Amino acid sequence: MRPRFSCLLFAALLLPLACQPSRSSPVPAGDGGTPRQILVTGTDVVGLSSLAVGPSGALFTMTERQPLLIELSPDGAVVRKTAVSGVPEGLDFESLAWLSGDSFAIGTEGGCSKTGADRILLATREGDAARVTRTLDVPLSAWNASCDEGHGLEGLCAASGQIVAAIEDAMNGEGKARHAPIERIDPTTGDRAVFRLSLTSTKDEKGKISGLDCRARGDDRIEVLAIERHFAVSRILSFTLPAKGPGTAAPIEPRVLVDLAPYSNEGTRNFEGIVWKDETHALLIVDNQYGEKISGPNELLEVTLPASP
C-alpha cells in the first residue's frame, strides 16, 4: 500500500472517534483498530441475545423468542442447547447472568403492564433440561418509570453475590441528560439498591443499555462493563457500583472505553451482550435478527480494551 493512501485510510478510521462526547476519549476496537470475528457454529438458531461467561471460559447465550439456553466453547462452537421450562407466559428472554454451577439469572421483557415490574427468572440447568425455580421482580416505581412492554431488562450480570440489572428504557433527566435505570439485587436476602447511569448519547441518538458484565473489585465494589447502543450508536462503557449499602439519586458517570460505531455496519450489527475475556479484551455477541430480517451470521466480536486509568 502506498504511503499517501495509508495516511488517508488512517485519517478516515479516526474521524468517527473525533465526534464522540468530550467526557472521554474512546479507543478503536481490537488490535490495530480491527475487532476479531468469531463465528458461532453448530446451530441454525438466529437472534442470539446476551452473553455470560462461566467456569473455564465457557460462554452462555440465549434466544429471545424461544426459551433456550445455549452453551458455547471459547471458539464459538455450540456445546449444548437446553430448553428452559417454567417461563411465565408472555415473557421474552433479554439478558443472562451466570450465578454459580448450573444456576443462571435471566432478564426478561413483557408483562410489566400487569405487574408494574420487569422480572428476573432464576433458573437451574439439570442435565438436558433447565427450569425456572424463582422469580425476582424489578418494580418500575423505584424510578417513577412507566411500563414499556418492548423495553425490559436488557442487561444483567452478577458479582459479589449480587445481581445487577439494567432496564433498556432510558429516562430523561435535567436539560439534555439521559439516564439508564440500574438496580442491584441480593437474591438471597432480597435487599435492593437503585441507581441511575448517565448515558453518553443524545436524545436524538437514543442510546440504551443492551448488555452488562460484572466483576468484584475487593469486598466493596463491583466493576461493570456495559454496551450503550441504538443502531449507529455503539459504545462500550465502564462504571462501578458499591457492592453493599443503599443506592443513590446522583447519576453515575461512566467512562467510555471503546467506540464500536465503525464496526456496526451502519447499525445493522446489533451488539446485545458483553463479557470480559481477560484484562485487555472483551467479547460481544451480535443479535442478527430484526423483525423477520436476518442481518448477518451468528457471531462474536473480540475487541481490545484500553488500560485502566
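This is a predicted model: local features need pLDDT of at least 70, side-chain atom pairs count only at pLDDT 80 or more; totals for chains, interfaces and linings use all residues.
Residues are numbered from 1 along each chain as its sequence is written, and side-chain values use heavy atoms, with hydrogens and water left out.

- Lys208 belongs to strand S15 (residues 208-217), strands being DSSP runs (E, at least two residues) numbered from the N terminus.
- Leaving aside residues up to four places away in sequence, Lys208 is in contact (heavy atoms within 4.5 Å) with His151, Glu168, Ile227, Glu228, Arg229 and His230.

**Largest pocket**
- The largest pocket holds about 570 Å³ of space, a pocket being an open set of points on a 1 Å grid where a 1.4 Å probe fits, with protein on both sides within 12 Å along at least five of seven lines.
- Its lining (residues with an atom within 4 Å of a point) has 23 residues, of which Arg229, Asn270, Glu272, Gln289 and Tyr290 are closest to the centre.
- Strands S6, S16, S19 and S21 each give two or more residues to this lining, which has 2 nonpolar, 9 polar and 12 charged residues.

**Second largest pocket**
- The second largest pocket holds about 160 Å³, and among its 13 lining residues Arg215, Glu223, Arg255, Pro306 and Ser308 lie nearest its centre.
- S16 and strand S18 (255-259) each give two or more residues to the lining of the second largest pocket, which divides into 7 nonpolar, 2 polar and 4 charged residues.

Conventions: Helices (H or I, at least four residues) and strands (E, at least two) are DSSP runs, numbered from the N terminus. Grid points are joined across faces, edges and corners, and a volume is the space filled by probe spheres set on the points. Ala, Val, Leu, Ile, Met, Phe, Trp, Tyr, Cys and Pro count as nonpolar, Asp, Glu, Lys and Arg as charged, and the others, Gly among them, as polar.
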